[in-house]
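Subject: Model for your files

Dear colleague,

Please find the structure below. My notes on it follow.

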Amino acid sequence: MKELHSAFDNPKAFVSAMALAVTCKTKQSKGWIARKGRHSIQSALERMVPEILLPEKDRKSRVKSMIAAAAVLKVLEKRCKFQRIRIRRQGMDSDSGSLLFCNRRWLNPSNPDDRRKLLRSHESLCQTF
């Protein structure tokens, strides 16, 4: 029988699984996800599971059941293989900065195929965590 884990047992694994569950690869130069700001994965995690993220004021602390903002970015780049690129684009939110994850996009629940992927990913997350 597969052992179930809490997101708090291994926050890096949860962040990785969550990021891969709500995004997908795109063709070269077609998709962008902000690394910071309100359109970032970090921001989504702050809204959905704020208790897993280490508060900014405590960023020098180490808490086993929490993950810092810098560690979230490392997880996305190392475990999830999100590719970071510096870009200057007009029309981007100013809080997104100039470093983005390229060749990825958010899954869109309005799109039937994306919705099916999101539902499958949700089931998988529920079974794992």
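Arg35 is buried at 12% relative accessibility, where buried means under 20% relative accessible area, exposed over 50% and partly exposed in between (1.4 Å probe, protein chains only). This is a predicted model, in which local features need pLDDT of at least 70 and side-chain atom pairs count only at pLDDT 80 or more, while totals for chains, interfaces and linings use all residues. Residues are numbered from 1 along each chain as its sequence is written, and side-chain values use heavy atoms, with hydrogens and water left out.

Arg35 sits in the loop between strand S2 (32-34) and helix H2 (41-48); helices (H or I, at least four residues) and strands (E, at least two) are DSSP runs, numbered from the N terminus. Its side chain makes a polar contact of 3.0 Å with the side chain of Glu77. A polar contact is a pair of N or O atoms within 3.5 Å; within protein, one must be able to donate a hydrogen and the other to accept it, and residues adjacent in sequence count only if both atoms are side-chain atoms. Leaving aside residues up to four places away in sequence, Arg35 touches Ser40, Leu73, Glu77, Arg84, Leu99, Leu100 and Phe101, contact meaning heavy atoms within 4.5 Å.

Arg38 is in the loop between S2 and H2 as well. Arg38 is partly exposed, at 49% relative accessibility, and its side chain is joined to that of His39 by a polar contact of 3.5 Å.

Next, the helix packing. Helix H1 (residues 11-22) and H2 pack at about 110° with their axes 11 Å apart; axes are lines fitted to C-alpha atoms, for helices over the stretch in contact, and angles run from 0 to 180 degrees between N-to-C directions. H1 and H2 are therefore roughly perpendicular, a term for angles of 65 to 115 degrees (under 35 is roughly parallel, over 145 roughly antiparallel, the rest oblique). Phe14, Val15, Met18 and Ala19 of H1 meet Ile41, Leu45 and Met48 of H2. These residues divide into 7 nonpolar, no polar and no charged, counting Ala, Val, Leu, Ile, Met, Phe, Trp, Tyr, Cys and Pro as nonpolar, Asp, Glu, Lys and Arg as charged, and the others, Gly among them, as polar.

Within H2, Ile41, Gln42, Ser43, Ala44 and Leu45 are buried. Their cover includes H1, strand S1 (23-25), S2, H3 and strand S5 (104-106).

There are 2 aromatic pairs, for which rings of Phe, Tyr and Trp (its six-membered ring) must have centres within 6.5 Å; planes under 30 degrees apart count as stacked, over 60 as edge-to-face and the rest as tilted. Phe14 and Phe129 have ring centres 5.2 Å apart and planes at 90°, so the pair is edge-to-face. Phe14 lies in helix H1 and Phe129 in the segment after helix H4 (112-128), 115 residues apart. Phe14 is buried at 9%, whereas Phe129 is partly exposed at 24%. Phe82 and Phe101 are also edge-to-face, with 5.3 Å between centres and 80° between planes. Phe82 is in the loop between helix H3 (69-78) and strand S3 (83-86), and Phe101 is in strand S4 (residues 99-102). Phe82 is buried at 3%, and Phe101 is buried at 0%.

Finally, the backbone. Most residues other than glycine have a negative phi. Lys81, in the loop between H3 and S3, has a positive phi of about 60° and is exposed at 64%. Asn103, in the loop between S4 and S5, has a positive phi near 60° but is buried at 13%.

Regards
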